Amino acid sequence: MIAVNNTLDLNEKDQKEDRDNLLYNLKMEINNSVYETVVYPDEVNPAFRGDFYIYNTEETVQNITLFYYMDAYLRGDPSVPITGLPQGKGIAFDESIESDGRPKPSNPNHQRLVFSLPRSKKISPVQYTTGGYADKFVTAFGGNVNGPGRENQVGVLGSGDQGAFFKQKPVTLQPGEKTQFSLLAGLSASNNNPEIYLDEEDLFFNEGDDINVDQLYWYDYENDSKNGTISYQVNDSSTPIFLKKYQKVPPLIEGQFSDLALNNDLFNLGKNKVVFLIKDEKDRVGRTGLNISVRSKVKFVAYDQLTGEKLTPGSFDVSSFGLLDEGYGVSENKAGVEVPSKLETETIVYTLDTAGQTQPTGATHLLTGKYTREQMEQREVKVNYTGKLKAKPSITLNQASYEMNEQDPHVTIKGTWKDETKSKGKIEIKKGDKVVGSYIYGPNTPAGNWTINLPKAELIIGENDLDVIVSHDYSDYVSPKQSLKVHRKKQVTINVKEYNEAGNHQTIADRGGIALSQDVKVGDNLMLTVPEYLSGETYLFDAKKTTGATGLTVQRPVTTGMNEIDIFYKLNEVSVTIRYHNSETKKPILASLTGKTRKDNHVLPNKVIVGTEISSLLKTTDLVAEGYVANPTVLVEKQDGTTITDGKVGDQNTIITLEFLPKFEIKAPNQLDFGGHKLSVFDKIKTLNAEASLTVVNTREGSFNQLNSWKVTGHFDGFKIGSTQSLNGYLAYEENSLEEATATQILQQNAPNNAQTKIDLKNKLKLNVFGSGSMLGEYRGTMTWTLEDVL
């Protein structure tokens, strides 16, 4: 258990030499306990600072209390009163106060020895109890060193010959943990200067590192100071370097700064004295300091011990950082520096000379020692090797890297060998420690070629880092490793499919020249240029659904786990046009029965998926046309003129032609009503009672897009009963009898402009019947209208 509790013994001795010991670095060992204090002058006043570090070296948690005693002689007077300092800062031996506490007459030479209690963030906060004693050391604690004492008491603590007794309140320390107790003592009118503290004692940096301080703590107790500055000096530089400005935020009187970067250019290699200064706005100054050591970079260089010449094998590049008299490897927290046990040139093997240290057993050896002044000045540690001539085989590789496809059974590695010893030798290719291929060359030959087939089973998909070495029977020499890389490509299957939203993607038989697979290096991109269409233009490349597609290019980074990729197509969509043609002329039909305007083609507003049934695209209105026979013949073809016979939309823009048979017809009334008549021996002409007409529809065309000429004739066979008895009279169109032996022409149109013509009957068809005698009976007659071409 670490504790310092022998202060009563110090009090009883009360010898000046014992007290003087407290002014210097002091380390006392009491059984297994260690009591250490570091005492150094304060930079502002003729004073000292004492830091006490208490360590728990036990394996269990310990509750520890520190007792500390200080006596004072001012001008040789041992009886100096003690007063408490405000704000819990400590106590003072004050010559300006009488032993009974009354002020002495004013004297500018009165001295005051102040003991303040600094703060530290590095350890858990601790509290202190202070007390004075008269004739007994424990008076301030009620006669018991474990008593409560009087905390931070202001005023005279006692009378007569007095000393200061400090007791740290118990603190709990974990195993291996330490705590700190600090005192500042100074001769001054007061000790109310701001204070500054560091967690670090000494800092070490390597050459080239950024120099910084992790934590800095400041304290400013005076109410008349609101802010101040923190600066630092390196190696007694004349001008302090500004570092930070602090600002007090009441009621706080303290603060901290973290990760403070110092100017590297101010530091020398080796030990540097650094002083940090804190100055409040009243120019009160406090200081603290530490040593910052910058380790030099030192190279460990191989030398031939016999010749003293520097060796330059490429495999030896070792350096470290160090200080004078510091051990090799300390900067890396190691016991030494690793150097190669052996070095080789083309003709010599060099073995490390350990100068009596343990002989090397492995590939490297831990070289120990301390840096000398010569080494630090030259920034070089000479590492001596002893050389021995050798005869060794050598090999070359025809190429340093190879590639193979995933399913290749092996990859063939080739090179040459040379062995002037003409002994039997072996070339090996190793993957790690495993030999994956070898070649044995025979004796009595100084050189030759070698070939090794590496089976695919020994090689992973992707990059394989291999080593090639050679050895022979002549010696135990094994050549340095030569790097060999073999990249076994990844075989990626390429699927060509029709995309389906439900995920049921169907394979397309026509691949359009797309390869079944590709072997690609892992990490490289598989790149494909795909056709826009497949199966003619039935399938259209779907770049949105195909991962890695841009335009008609597919690019995918290949990984070891990529076994296949999908190239997606979709059924193409094409434009569909419906044409309305005359089946005789193969030209567009008339748009109406009046005029010569042709019916326009109908382009469907939306594109249609290839393979759509043609019948589903035709509406009822498409299948009828005025003046033409309904239900036309349906003809389908692609835009290139290829006929489509399966009744489906083709893989190109598709044209549907509806061929209508033109009409050539005449429409007549079913009956002609002339009303009632009284027969008379005299002529009496009658006309039709109601409107009636003939309608001629003619959409047949000849050359030059002209409608065919036509004529209408009429013939009436008279009113009869049976086939014998007739009724006298006649039926005439205009003035032309319709009962002539030949048909009477009603109207003729030559190259008419309209496909439909109406012929008026009401005003132009006239009836006259007459007679006498017995004429009773029902008389019938047939009116025949005939429409015929006019050539």
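This is a predicted model: local features need pLDDT of at least 70, side-chain atom pairs count only at pLDDT 80 or more; totals for chains, interfaces and linings use all residues.
Me: How many helices and strands does the chain have?
Reply: Both are DSSP runs numbered from the N terminus: helices are H or I with at least four residues, strands are E with at least two. By that count the chain has three helices and 63 strands.

Me: What share of the residues is buried?
Reply: Buried means under 20% relative accessible area, exposed over 50%, and partly exposed in between, with a 1.4 Å probe and protein chains only. The chain has 791 residues. Of these, the buried share is 42%.

Me: What share of the contacts with a separation of 6 or more joins residues 24 or more positions apart?
Reply: A contact means heavy atoms within 4.5 Å. Among contacts with a separation of 6 or more, residues 24 or more positions apart account for 69%.

Me: How many salt bridges are there?
Reply: A salt bridge needs a side-chain nitrogen of Lys or Arg within 4 Å of a carboxyl oxygen of Asp or Glu. That rule gives a count of 25.

Me: Why does the salt bridge of E326 and R295 tie together separate parts, and how many residues apart are they in sequence?
Reply: The closest N and O atoms of E326 and R295 are 2.8 Å apart. E326 sits in the loop between β22 (318–322) and β23 (337–340), and R295 in strand β21 (residues 285–304), so the pair ties together parts separated in sequence by 31 residues. E326 is buried at 12% relative accessible area, and R295 is buried at 9%. The sequence separation is 31 residues.

Me: Which residue forms a salt bridge with K638?
Reply: K638 lies in strand β49 (residues 633–638), and its partner in the loop between β50 (643–644) and β51 (654–660), 13 residues apart. The closest N and O atoms are 3.1 Å apart, and the partner is D651.

Me: Are E734 and K764 buried or partly exposed?
Reply: Their side chains meet in a salt bridge at 3.5 Å, N to O. The pair ties together parts 30 residues apart in sequence. Relative accessibility is 35% for E734 and 31% for K764. E734 and K764 both count as partly exposed.

Me: Which residue in β30 is the bridge partner of L397?
Reply: The strands β28 and β30 run antiparallel. Within β30, the partner of L397 is G415.

Me: What is the phi of D236?
Reply: D236 lies in the loop between β17 (227–234) and β18 (241–247). Its relative accessible area is 61%, which makes D236 exposed. D236 is not a glycine, yet its phi is positive, at about 60 degrees.

Me: Where does N333 lie?
Reply: N333 also is not a glycine and has a positive phi of about 60 degrees. N333 is exposed, at 76% relative accessible area. Its place is the loop between β22 and β23.

Methods:
Residues are numbered from 1 along each chain as its sequence is written. Side-chain values use heavy atoms; hydrogens and water are left out. Two strands pair if DSSP finds at least two bridges between them.
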